Amino acid sequence: MRTAFYISDGTAITSEVFGHATLSMFPVDFNHKTIPFVETVDKAQKIKELINSTAQSSGEKPLVFFTFVNPVLSDIILASDGVCYDFLSYSSEIVKRELKVAPVPKVHRTHSIHEATYDFRIDAVNYALANDDGANVKDYEKADIILVGVSRSGKTPTSLYLALQYGIKAANYPMTEDDLEKGALPKCLLPFKHKIFGLTIDPERLSAIRQERMANSRYASIRQCRIEVREVEMLFKKNKIAYLNSTKFSVEEISAKIISETDLERRKY
């Protein structure tokens with residue numbers, strides 16, 4: 001199996017994102033290795049040796065995606081037996097020509113703490129935890145969005161991702177069997193209908209998820225899942241609530257689609 005390295009003098013998140021995005025276009029399996037905080041010549045030399053030994057043992061050159069502020073470290077990695085991609089330097093050179101301003105490299109700048117946005121995110125995470133799964137319905141005025149759907153349709157992970165990644169305060173409310181039998185939105189949600197976004201899921205996938213939690217239960221039966229999904233989608237349509245089927249999407253994709261459809265304000269930067 002071909003090896004892909006993601007290396008940086010910081011968190012290596014940027015090299016991972018660009019590297020994974022590039023490799024996802026190719027139907028090839030990779031052995032992924034992420035190596036953050038390569039901040040000294042000694043560390044860079046050791047990583048170079050690791051790349052070289054990987055190439056020798058596998059008989060194939062590893063793909064190496066890296067970002068370094070220090071050009072000395074870049075030169076060490078570039079001298080390895082890997083196939084190297086220094087996309088950050090390439091991109092910054094293009095931007096430099098357009099802006100006519102020289103870049104001012106700084107280690108850890110990309111993912112370092114910016115106090116205002118960091119505080120936004122921590123506050124949003126605390127809000128998501130306190131308002132998870134309908135635990136607190138008295139604080140919805142502070143919500144940026146309220147995710148609604150049947151149990152296990154992806155509400156909690158999406159709420160937390162929106163909070164941690166974008167500083168968005170997301171509450172979530174589970175539509176229970178009793179709620180669905182009434183065929184109307186719960187009273188606690190009515191004043192905040194403009195904040196509601198629905199999540200639904202294919203019944204087969206929902207049943208499989210619930211089986212892991214409560215195997216062979218009525219709650220996890222395919223019949224019950226089909227009924228709940230059908231009724232919650234009818235409720236969304238009746239109330240003209242935008243909703244998304246989460247079955248085939250990652251939490252990152254679900255969150256991005258929600259932001260796109262609702263024009264939520266990101267507090268990331």
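Arg218 is exposed, with a relative accessible area of 53%. In this predicted model, the Arg218 side chain meets that of Glu177 in a salt bridge, with 2.6 Å from N to O. A search of the whole structure finds 6 salt bridges, and the largest nonpolar core holds 23 residues.

**Salt bridge Glu204–Arg226**
- The side chains of Glu204 and Arg226 form a salt bridge at 3.6 Å, N to O.
- Glu204 belongs to helix 8 and Arg226 to helix 9; they are 22 residues apart, and the pair links distant parts of the chain.
- Glu204 is partly exposed at a relative accessible area of 46%, and Arg226 is partly exposed at 43%.

**Salt bridge Asp42–Lys46**
- Asp42 pairs with Lys46 in a salt bridge whose closest N and O atoms are 3.6 Å apart.
- Both residues lie in helix 2 (residues 41-58), and the 4 residues that separate them amount to about one turn of the helix.
- Lys46 counts as exposed, with 52% relative accessibility, while Asp42 has 47% and counts as partly exposed.
- The two fall in separate classes because exposed requires over 50%.

**Largest nonpolar core**
- In soluble globular proteins, nonpolar side chains tend to be buried together.
- Among the 23 residues of the largest nonpolar core, those touching the most other members are Tyr140, Ile146, Val148, Met175 and Leu189.
- At least two residues of this core come from each of strand 5 (145-149), strand 6 (170-174), helix 8 (203-213) and helix 9 (222-238).
- Helix 9 provides the largest share, 5 residues.

**Surroundings of Tyr140**
- Which residues is Tyr140 in contact with, leaving aside its neighbours within four places in sequence?
- The contacts of Tyr140 beyond those neighbours are Tyr127, Asn131, Gly134, Ile146, Ala171, Asn172, Tyr173, Cys188, Leu189, Phe192 and Lys195.
- Ile146 and Leu189, both in contact with Tyr140, are also listed with Tyr140 among the core residues that touch the most other members.

Terms used
Residues numbered from 1 in each chain as written. Predicted model: local features only at pLDDT ≥ 70, side-chain atom pairs only at ≥ 80, totals over all residues. Heavy atoms only, no water. Core = buried A, V, L, I, M, F, W, Y, C linked by side-chain atoms within 4.5 Å. Buried < 20%, exposed > 50% of the residue type's maximum accessible area, 1.4 Å probe, protein only. Contact = heavy atoms within 4.5 Å. Salt bridge = Lys/Arg side-chain N within 4 Å of Asp/Glu carboxyl O.
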